[in-house]
Structure formats: C-alpha cells, structure tokens
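Here's a quick walk through a predicted model. Have the sequence and the 3D view open side by side as we go.

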Amino acid sequence: DYVDRGEKQIECLIIILYAFLIRPDKVFVSRGNHEDISMNTNFNFYPNFMIDTRNKYGKYGTAIFYSAIDLFSYLPFACILYNNIANTKYFCVHGGIS
C-alpha cells in the first residue's frame, strides 16, 4: 500500500518510482489492494489521497491524483522473482488481495 498511509502518501510513491527508474533491475513494484480503485468501491482511502494531492499541489492535484490512479492500473498484482545464484523463485503478492 503506497498511498493509504499518513500524510506523506505522494512522497512515498515518488521515492518508490524514483528508485525503480534508477535501478529497474533491483526494484520491483507491484500493486496492493489500495492501489486498485475497483477493489475500493467504498472509497475508504481515495478521498484522503485525493485531498492530500489537492492540498499539496493546488490546481494540479486532481491531475496528479488521476495520473497515479492510471499508473496503478499498469502495475501487476503479483510477480515471480528469480534468484539465479540460489536457483530459487519467490512469488510476491500483496497480503490484502483476496
């Protein structure tokens, strides 16, 4: 869950994306249940994220919010990571996805 924790939601997201851009071979980004708007039909956190981006970025806040929502739709729900040295595989999925 990148954007449902506290007042630094967008900052956390930016740091994670920056790390991914710098080291895409070492940073793997997947989607949690809070990053999928279809899994949050009761809007239990989106108003907070939307309000946070609007308060911080003024007239650009809504565009930033919807850009983040669009970005989340491209992230996988799960991934398999390979460790070639140990010859092992790791299945990674967010615990909140039922």
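Before we pick out residues, one cut-off: a residue counts as buried when its relative accessible area is under 20%, and as exposed when that figure is over 50%.

With that in hand, go to helix 1, which covers residues 9-22. Its buried residues are Q9, I10 and L13. If you look down the axis of helix 1, these buried residues fall within an arc of 90°, so they line one face of the helix. Now turn to the face pointing away from that buried side: there you'll find the exposed residues I15, Y18 and I22.

Next, jump to helix 3, residues 61-74. Helix 3 also has 14 residues, and the distance from its first C-alpha to its last is 21 Å, close to the expected 20 Å. What is buried here? In helix 3 that list reads G61, F65, A68, I69 and F72. Viewed down the axis of helix 3, they sit within an arc of 100°, so they line one face of the helix.

Now zoom out. The chain has three helices and two strands, and along the sequence they come in the pattern α-α-α-β-β. Of the 98 residues in the chain, 28% are buried. Take the contacts between residues at least 6 apart in sequence: 50% of them join residues at least 24 apart. As for the surface, the chain exposes about 6700 Å², with carbon and sulfur atoms supplying 60% of it.

Conventions: Residues are numbered from 1 along each chain as its sequence is written. This is a predicted model: local features need pLDDT of at least 70, side-chain atom pairs count only at pLDDT 80 or more; totals for chains, interfaces and linings use all residues. Side-chain values use heavy atoms; hydrogens and water are left out. Helices (H or I, at least four residues) and strands (E, at least two) are DSSP runs, numbered from the N terminus. The expected span of a helix is 1.5 Å times one less than its number of residues. Buried means under 20% relative accessible area, exposed over 50%, partly exposed in between (1.4 Å probe, protein chains only). The arc is that of the directions from the helix axis to the C-beta atoms. Contact means heavy atoms within 4.5 Å. Accessible areas come from the Shrake-Rupley method with a 1.4 Å probe; for residues, only the protein chains shown count as cover.
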